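The following questions and answers concern the structure shown here.

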Amino acid sequence: MALRWMIYGAYGYSGKLIARQAKKRGYSPILAGRNGDALAEFAQHLQLSFKEFPLNDVNSIKAQLADVDLVVNCAGPFSRTAAPLMHACIASKTHYLDITGEIDIFEYAHSLNEQAKQAGVVLCPGVGFDVIPTDCVAARLNAQMPDATHLALGFDSGSRMSRGTAKTSVERLGQGGAARINSLIETVPLAWKDREIDFGSGKKKVAMTIPWGDVSTAFYTTEIPNIEVYIPASPRLVKRLRRLNWVRFIFNWQWVQKKLKAKIDAQSEGPDDKERDKNPTYVWGEVSNARGDRKEMRVKVKNGYSVTAEGAVEMAIYTLEHADKGGFYTPSRLYGAKLLDQYLID
């Protein structure tokens with residue numbers, strides 16, 4: 001019996017990339033989402049079947065998943081879509097993957113670990129660039145230094161954000177930054193720390209901490225109690241964000257969010273094929289232990305959105321073929337850190 005899987009939010013920027021990658025590899029996922037017109041047009045283009053349904057009610061979602069073995073959720077913001085879809089997947093015994101980078105979603109999925117185990121359902125959020133490469137780097141560094149107490153991760157890319165990624169970043173602004181401190185996720189100021197990092201290009205850049213998904217996932221992968229994530233940022237941007245800490249609460253106001261998201265909607269959907277090909281991503285990691293020993297790792301991988309397209313499909317097929325135990329997983333815990341090798345660039 002052929003295994004059936006679904007891409008929810010298939011007509012968004014990343015959803016389209018994932019669907020095209022699946023088709024390229026010879027698979028025929030069901031395309032799904034709440035916009036029937038957009039679905040029908042894209043499904044016809046790829047000659048794939050589709051289902052139109054919203055995520056308003058867990059029982060109605062469960063009915064739509066009755067004949068589906070796995071879902072890849074690409075519909076952000078995941079703060080609105082992940083929870084109902086996870087619960088429906090557990091109820092229908094359907095594996096759940098998504099491409100989120102949102103810390104709260106990883107933590108919520110982890111809180112459902114026992115329910116997922118009992119149902120025999122895999123919950124593995126973050127099967128795109130968020131967080132495959134950084135998660136695998138964390139796992140490999142931890143293998144080299146099992147007694148590590150601190151982990152720092154980071155990445156550098158010239159690629160533009162998609163509209164979905166930009167909206168997620170805007171939603172997070174009012175909450176401030178985040179870091180793992182003594183095993184707990186703590187709220188910290190925007191641009192909490194800065195340091196100079198050579199991400200892999202051979203040149204050191206000023207970088208600042210961000211509330212990236214690995215603050216959650218890398219802990220479950222490595223059990224390292226202190227985790228920070230960095231991206232390059234100009235000294236000017238670091239200063240500006242630190243000043244914003246005094247008034248960052250205004251970014252929680254609905255009208256401010258609406259205005260910022262309207263500006264994002266006016267931009268292009270995301271980087272095209274040529275831009276992705278020209279902009280790979282440098283991923284860096286560093287571990288240290290109580291004695292002060294340090295180890296670093298640098299890798300160059302494909303563009304983040306290309307990693308998302310390929311990684312989501314690879315993880316979907318792997319889960320369908322190998323998932324014999326349910327529960328919460330990070331990508332490297334489910335697949336193994338060897339997953340990183342598929343996306344390396346010399």
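Q: Where does Lys 93 lie?
A: This is a predicted model, in which local features need pLDDT of at least 70 and side-chain atom pairs count only at pLDDT 80 or more, while totals for chains, interfaces and linings use all residues. Residues are numbered from 1 along each chain as its sequence is written, and side-chain values use heavy atoms, without hydrogens and water. Helices (H or I, at least four residues) and strands (E, at least two) are DSSP runs numbered from the N terminus. Lys 93 is placed in the loop between α4 (78-92) and β5 (95-98).

Q: Is Lys 93 buried or exposed?
A: Buried means under 20% relative accessible area, exposed over 50%, and partly exposed in between (1.4 Å probe, protein chains only). The relative accessible area of Lys 93 is 55%, so this residue is exposed.

Q: What distance separates the C-alpha atoms of Lys 93 and Tyr 335?
A: Along the chain, Lys 93 and Tyr 335 are 242 residues apart. Their C-alpha atoms are separated by 20 Å.

Q: Which helix holds Arg 236?
A: Arg 236 has a relative accessibility of 65% and therefore counts as exposed. The helix in which Arg 236 lies spans residues 235-244 and is α10.

Q: How many helices and strands are in the protein chain, and what share of its residues counts as buried?
A: The protein chain has 14 helices and 15 strands. Of its 346 residues, the share that counts as buried is 55%.
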